[in-house]
Amino acid sequence: MRRQSMILLVAAMTLAGCGGGSHADGPAASPAPGSSTPPATAPPGPTTASPRSGSASAPARSGQPDDVNGDGYADLVAEFGPADGRRLGVVPGSAAGLVPAKGAVVPPGTFTSWLIGGGIRADLDGDGFGDVLAYGGPDGEPQGAHIFWGGRSGIAATTRPTPVRRPATTEPAGSRAVAGDFDGDGAADVAMATPPASGGLAADLTLLYGPFTRQGAPARSETRPSPTGGDFWRMTADGIDGRRATALLVHEGDDGEQVSGRLLAAGPGGLQKTGRTLNPGMSAAFGDFDGDGARDVAVGDDGSRNNEPGYETEPPSVHRTLTVYYGDGRQAVFKGSAGAAVSGDFDGDGRDDLAFGGAAPSRHVSATAPKVFWGGAGGLVPGGAVAGLGEAAPLAAGDYDGDGDDELVFVRGEDDSAVVVTDGKQAVSRFETRDVPS
């Protein structure tokens, strides 16, 4: 199936009232309760994600999680290439938009990326540069969560990334990770799926609270039982914006089929222990689609199916379905599309919009052109296809040219060989993934 990407950002999401649980917007949340472990190395830096002073010669830094080189423009973080040879890459933004010639693709000898979704961006050490949280490992070494540190020149693509340090009770293999601000203190955190102490597959949720040291150690950590009641490995986190705690969606374990997720809203005490069960769907994106200040989440069919006999289909309530859960308790259902979901404010009106669709054709799901849903006072409204785009899948969104609204990026072609940048209505630029230096 086609890859889904979630840059974090993108979205990236506290769901105040979405499920009637906790109130996530408002004052910064206090640290989440639970047992904690101290950092494995020297004490970390400041307790917020605001930039540190640095040297007198340091450039002005945006402090945004999607700005890897600190120049004030969002950068595109994604995986490029065929399914069996994905390469993690970063393409910097500029006043003219994305500049592939100045990008960098991490070579396989440095790191082989096995992300479920796209590179997760967050300023994990609080130095004002966005970092890249990736899952995988150098050739021949155990896989796990690693950090590529941002800097004035972006990430060091040929330097091995720093492994994320886990509590001593967890194992590296099988761990997946996403970044958010789960306790609302302004420092980026990491959520990981980790094997339980009793053995088996990933069935514990480990929360590593930032800021992180350059050795990959968190300020403290907490491990909880699985929110799904069983194995899980995929998660989607709301984007970090420095003003609120971010929610976490934990998907049930799957074998290609569409499964339900547990929405853990973030409130004064951090993430809920148990959350609301949402409609099955492996695509998810957070945003404020109606502009009321409360976080919303959209969950949809990504087009993949279990290929075991008798399990290859999904019920009508799931097949080619997008369900939107608004922060005020409303729901909306849209039919007819399947594929990846990416949110962002494409028209700059202060309400988030959503791109959904683009699933590759299969025996059970026909190809669907991606559709843009526009945010409004009443919520998302279906729009049309992006002019001249053709067969493509939503990849990411960000303000890559610094004009105040987000560009919507698609990937298309055999082996996802081309990137198309749009304004949500028509293409504004495109480049071949081979144009990004490796």
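The legends below describe an overall view and close-up views of a predicted model.

**View 1. Overall composition of the predicted protein.** Residues are numbered from 1 along each chain as its sequence is written, and side-chain values use heavy atoms, with hydrogens and water left out. In this predicted model local features need pLDDT of at least 70 and side-chain atom pairs count only at pLDDT 80 or more, whereas totals for chains, interfaces and linings use all residues. The protein has zero helices and 30 strands (DSSP runs numbered from the N terminus, helices being H or I of at least four residues and strands E of at least two). Of its 438 residues, 59% are buried (under 20% relative accessible area, with a 1.4 Å probe and protein chains only).

**View 2. The four-stranded open sheet S19-S20-S21-S22.** The strands follow one another in that order with antiparallel pairing, where two strands pair if DSSP finds at least two bridges between them. Strand S19 (283–287) and strand S22 (331–335) stand at the edges with a single partner strand each, so one side of each lacks a neighbour in the sheet. From one strand to the next the twist averages 15° (axes are lines fitted to C-alpha atoms, and angles run from 0 to 180 degrees between N-to-C directions).

**View 3. The pairing of S20 with S21.** Strand S20 (residues 296–300) and strand S21 (residues 321–325) are joined in the antiparallel sense over four bridges, and Val-299 has Thr-323 in S21 as its bridge partner.

**View 4. The surroundings of Gly-379.** Gly-379 lies in the loop between strand S25 (371–374) and strand S26 (381–382), and is buried, with a relative accessible area of 2%. Leaving aside residues up to four places away in sequence, Gly-379 touches Phe-289, Asp-290, Tyr-326 and Trp-374 (contact meaning heavy atoms within 4.5 Å). Gly-379 and Phe-289 are 90 residues apart in sequence, yet 5.4 Å apart in space, C-alpha to C-alpha.

Conventions:
Buried < 20%, exposed > 50% of the residue type's maximum accessible area, 1.4 Å probe, protein only.
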